[in-house]
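Subject: Structure for your files, with notes

Hello,

Here is the structure you are taking over.

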Amino acid sequence: MRNGNMYVFDVVDRDGNLLKPTEIQAHLNYILTDLTPAPAFPIGILTSENRDVWAELRDKLVNCGNTDNLRLVDSAVCCLCLDDASMKKGDDMLHSLLLANGCNRWLDKSFSLQVSKSGEAGICMEHSWGDGMTMTDILGKIYKDSTEQPQVHPGSVAAAVDSASAVHQLQFNLDSVLKNGIKKANDNFDLHVSQLSIDFMIFGKGGTETMKKNNLSPDSIAQLAFQMGFLRMRGQTVPTSESCSMARFKHGRLEIIPSATTYTKQCSNAFVCQRDQHSVQQLKAMLYQCSRYHRQLVKEASMGRNLEQDQAHVGGPSC
């Protein structure tokens, strides 16, 4: 996808062999130099809609004669989103990877590789086929291979192939219902974006190694920090859940860790609301208690024996 337009090309030949990297490079160059303007009604925004609304509009796309196009989109290896914007700042990158403007994305795709004009890249994935940890492992291998053994680089010369014949831009038939649906989807998307703030910070005073040296679970401390942060902002702790891999089982996917417990609630209140009422030793003891119990929860979840937690007492006003 580029500028809201959708393109497809084969990455294997008729015998199932991968194309040469320089051939793929040539096809991408062709797309990057295409002067087709942004569509007035970009259908990618529909994938950001409420799933029931999108399901109805997708049926409408089929009825309007777009079955072949949708089949090509659904069967593609992945969605490559070529963004004209640069992502130099950290918050710009986070916003672009998570949201952008919604028009240059197909959010139903198993995963989308998003590449900015300035060369930054990231992944947006849909979770029904797999889990984040699986995608992280795949990305790690891709990054290692592409940086240590790059097949193409900025100085590479693209292959002399007929990209005009190999690359096809998808044209969709849209009626008034679909056009109106796209307009509403875009309005809803803009509303959601306006209600979301994104920021980040780099914490340099500690981290995983510091936690381990003090015999604390880094994950437990991170979950506790979420609770404390929410308590400071909203005046209460809330039930939360965390995913845990069940990769030790064949076809195993995820179990849920009920990471918000009576221990995290007690510890959060002690640090945020009652800090002057506890000694350093007492606060440290609460941290270790949370860490020990969290490790137990992780162990049980990874074995498919999730401890049943009554989280009803975790939420509610705290201070």
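Predicted model: local features only at pLDDT ≥ 70, side-chain atom pairs only at ≥ 80, totals over all residues.

Residues are numbered from 1 along each chain as its sequence is written, and side-chain values use heavy atoms, with hydrogens and water left out.

Cores

A nonpolar core here is a set of buried Ala, Val, Leu, Ile, Met, Phe, Trp, Tyr and Cys residues joined through side-chain atoms within 4.5 Å. Buried means under 20% relative accessible area, exposed means over 50%, and partly exposed is in between, with a 1.4 Å probe and protein chains only. The largest such core has 22 residues, and the members that touch the most others are M6, I43, L46, L61, W106 and F172. Two or more residues each come from α2 (51-63), α3 (67-75), β2 (79-82) and α7 (176-194). Of these elements, α7 gives the most, with 5 residues. Helices (H or I, at least four residues) and strands (E, at least two) are DSSP runs, numbered from the N terminus.

Leaving aside residues up to four places away in sequence, I43 touches M6, W106, F172, L174 and I182; contact means heavy atoms within 4.5 Å. There is also a second, separate core of 12 residues, which includes L216, L224, L283 and M286.

The α2 and α7 pair

Two packed helices are described by the angle between their axes and the distance between the axes. For α2 and α7, the axes come within 10 Å and cross at roughly 145 degrees. The axes are lines fitted to C-alpha atoms, for helices over the stretch in contact, and angles run from 0 to 180 degrees between N-to-C directions. The crossing of α2 and α7 is left-handed, a term used if the near helix is turned anticlockwise from the far one by less than a right angle, with right-handed used if clockwise. On the α2 side, L57, K60 and L61 meet V177, L178 and G181 of α7.

Aromatic pairs

Rings of Phe, Tyr and Trp (its six-membered ring) pair if their centres lie within 6.5 Å; planes under 30 degrees apart count as stacked, over 60 as edge-to-face and the rest as tilted. The count by this rule is 2 aromatic pairs. W54 and W106 form an edge-to-face pair, at 5.8 Å centre to centre and 85 degrees between the planes. W54 lies in helix α2 and W106 in the loop between α4 (90-98) and β3 (111-115), so this pair ties together parts that are 52 residues apart in sequence. Both W54 and W106 are buried.

Y263 and Y293 have ring centres 5.0 Å apart and planes at 70 degrees, so this pair is edge-to-face as well. Y263 belongs to helix α10 (residues 262-272) and Y293 to helix α11 (residues 280-302), so parts 30 residues apart in sequence are tied together. Y263 is partly exposed, with a relative accessible area of 28%, whereas Y293 counts as buried at 17%.

Cysteines

A search of the whole structure finds 0 disulfides, a disulfide being a pair of cysteine sulfur atoms within 2.5 Å. C81 is in none; its nearest cysteine sulfur, that of C79, is 3.8 Å away. C81 is buried, at 0% relative accessible area. For C267, the closest cysteine sulfur is in C290 at 4.2 Å, too far for a bond. C267 also counts as buried, with 0% relative accessibility.

Single residues

N3 sits in the segment before β1 (7-8) and is partly exposed at 33% relative accessibility. H251 is in the loop between β6 (242-245) and β7 and is exposed, with a relative accessible area of 71%.

I256 lies in strand β7 (residues 254-257) and is partly exposed at 38%. I256 and A301 are 45 residues apart in sequence and 6.6 Å apart in space, C-alpha to C-alpha. K212, in helix α8 (residues 208-213), counts as exposed at 52% relative accessibility.

Regards
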